[in-house]
Amino acid sequence: MKFSEKLIEWYRVNKRNLPWRLTKQPYKIWVSEIILQQTRIEQGEKYYYAFLEKYPNISELAKTNDEELLKVWEGLGYYSRALNMLKASRVVLNNYKGIFPSNYDDLIKLPGIGDYTASAISSICNNEVQPVVDGNVFRFLSRMFKIDLPIDKLKTKTYFKKLGFKLIDVVNPGDFNQAMMDYGSMVCRPKKFQCHKCLFSSNCKAFNSNTVMLYPFKEKRIKIKHRFLNYIFIITNDRKTLIKKRNGNGIWKNLYEFPLIETKKESSVNEIIKELDFKYLKFISEKKIKHKLTHQQLNISFFTFKVSNFDDDLTDIKALSNYPFPRPINKFISELV
Ligand code: SF4
C-alpha cells in the first residue's frame with residue numbers, strides 16, 4: 001500500500017473531532033488555520049467559536065475595528081495575525097465580492113496568508129494538490145527519510161514542499177494534509193514519539209538507525225533577547241488609572257498598556273521614580289512577572305503609585321476590561337482588588 005493510502009486510512013479511523021473539520025467553507029477554515037498558528041488546539045477551539053459568533057462571515061469581520069477585534073483575540077498572542085485578518089477581509093470584500101477565495105493563487109495574495117495556510121485552505125476546500133509544510137510535517141518526514149537539512153533554512157522548506165508533492169494523495173489532498181498534521185502531533189511527536197505503534201516504523205530510516213531524537217534539527221539556536229519592561233500603574237483616589245495604546249510595529253501593536261519605561265536591566269523603584277514626569281503621593285507596591293515569547297523573555301515590573309490632580313484623561317479601573325491588553329497585563333488587572 002502506498003504511503004498516502006496508509007496514512008489516509010489511519011486518519012479516517014483516528015482523526016480528531018474538531019469543529020472546523022465539519023465544514024469546507026473557506027472562511028471558517030481560514031479562521032481556524034490562522035488561530036491555530038502558534039496556538040494549541042485546546043486553546044484554539046474556544047477562540048474559534050468566539051470568533052465565529054462575533055464575526056460569522058466576511059462582511060461582519062470587515063466592518064469591525066482594530067480595538068474590537070483585538071478584544072476577541074485577547075490572550076491568543078501574535079496579534080498581527082488578527083490585524084492581517086481584518087486587512088484580508090476588506091480585500092475579499094472589495095476584490096472578490098465578499099466571497100472568500102478557495103484557490104491557492106488567490107489565497108496567497110491575501111495579507112497574512114503564506115504557503116502553509118494557502119495550501120491548507122485550497123486542499124481542504126478546493127481539493128487542490130498543495131502539500132502543507134509545517135513543524136509536524138518537518139518532524140515526521142525528516143525522520144522517515146532521514147533528511148539531513150536544517151529546518152530553519154528557506155531552501156529546506158522548498159525541499160520538503162517538493163517531497164510533499166511526490167507523496168500527496170491527488171484524489172484526497174485535503175485529507176492527506178490533515179492526516180500529516182495529525183500524525184505528526186499524535187504519533188511522530190517531538191519527544192514522546194510513538195514508534196512502537198507507528199505504521200511506518202519498518203520503513204522509517206531514523207527509527208531503524210536509532211537516530212529519531214536527532215531529527216529534525218536547526219542550524220542556529222534561537223537567541224533569546226531579554227527585555228525589562230517597567231509599567232507605571234497609577235491610582236487616583238476615585239480609582240482611575242492611565243492607559244495608552246501601543247504604537248509601532250513591535251510586539252502587542254495596537255493593544256493597550258500602562259505608561260511604560262523600558263530599561264536595559266532590572267530597575268529598582270528609586271531608579272524608576274527618577275524617570276517619572278509626574279508627581280505622586282505614595283509608592284504602593286511592585287509586582288514582578290516573567291513572560292516568555294518565542295524570541296524574547298520579558299521581565300515585567302508593575303510599579304503602583306497613588307496620585308492626585310492628574311491632568312491626563314484617565315480610565316476607571318472597572319472599565320479596563322473593555323480594552324484589549326496583552327496577556328501579562330490582563331493578569332495583573334485581574335488580580336486588582
Ligand atoms: S517510526 Fe517513530 S520516528 Fe519514524 S515516523 Fe514513526 S513515530 Fe516517527
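Where is Tyr96 found in this chain? The points below take up that residue together with other local and overall features of the structure, which is a predicted model.

1. Tyr96 is found in the loop between helix 6 (80–95) and helix 7 (104–107). When residues up to four places away in sequence are not counted, Tyr96 touches Val91, Pro101, Asp106 and Leu110. The C-alpha atoms of Tyr96 and Glu45 are separated by 28 Å, the two residues being 51 residues apart along the chain.

2. As for the overall make-up, the protein chain holds 14 helices and eight strands, and buried residues make up 50% of its 337 residues. The C-alpha trace spans about 75 × 50 × 30 Å along its principal axes. Among contacts between residues at least 6 apart in sequence, 66% join residues at least 24 apart.

3. The sheet deserves a careful look: four strands form an open sheet in the order 5-1-7-6, with mixed pairing. Strand 5 and strand 6 (282–292) stand at the edges with a single partner strand each, and one side of each is therefore left without a neighbour in the sheet. On average, and with direction ignored, neighbouring strands of this sheet are turned by 20° against each other. Helix 14 (residues 327–334) packs on the sheet, where it touches strand 1, strand 6 and strand 7, and the direction of helix 14 makes about 35° with that of strand 7.

4. Strand 1 and strand 7 (residues 296–306) run parallel and are joined by 11 bridges, with Arg227 standing opposite Leu298 in strand 7. Strand 1 and strand 5 (residues 260–263), by contrast, run antiparallel and are joined by four bridges; here Tyr231 stands opposite Leu260, and the bridge partner of Asn230 is Ile261.

5. Why can strand 1 be called largely enclosed by the rest of the structure? The reason lies in its burial, because nine of the 11 residues of strand 1 are buried.

6. On the side of helix 1 the contact is made by Phe3, Ser4, Leu7, Ile8, Trp10, Tyr11, Arg12 and Asn14, and on the side of helix 11 by Asp175, Phe176, Gln178, Ala179, Met180, Asp182, Tyr183 and Met186. The residues of this contact divide into 10 nonpolar, three polar and three charged.

7. Thr117 lies in helix 8 (residues 115–126). Is Thr117 buried or exposed? Its relative accessible area is 2%, and since buried means under 20%, Thr117 is buried. The side chains of Thr117 and Gln37 are joined by a polar contact of 3.0 Å.

8. Arg239 is found in the loop between strand 1 and strand 2 (240–241), and Arg239 is partly exposed, with a relative accessible area of 38%.

9. Which peptide bond is cis? The bond from Tyr215 to Pro216 is cis, with omega near -10°. Pro216 is found in the loop between helix 12 (205–208) and strand 1.

Technical notes. Residues are numbered from 1 along each chain as its sequence is written. This is a predicted model: local features need pLDDT of at least 70, side-chain atom pairs count only at pLDDT 80 or more; totals for chains, interfaces and linings use all residues. Side-chain values use heavy atoms; hydrogens and water are left out. Helices (H or I, at least four residues) and strands (E, at least two) are DSSP runs, numbered from the N terminus. Buried means under 20% relative accessible area, exposed over 50%, partly exposed in between (1.4 Å probe, protein chains only). A polar contact is a pair of N or O atoms within 3.5 Å; within protein, one must be able to donate a hydrogen and the other to accept it, and residues adjacent in sequence count only if both atoms are side-chain atoms. Contact means heavy atoms within 4.5 Å. Ala, Val, Leu, Ile, Met, Phe, Trp, Tyr, Cys and Pro count as nonpolar, Asp, Glu, Lys and Arg as charged, and the others, Gly among them, as polar. Two strands pair if DSSP finds at least two bridges between them. Axes are lines fitted to C-alpha atoms, for helices over the stretch in contact, and angles run from 0 to 180 degrees between N-to-C directions.
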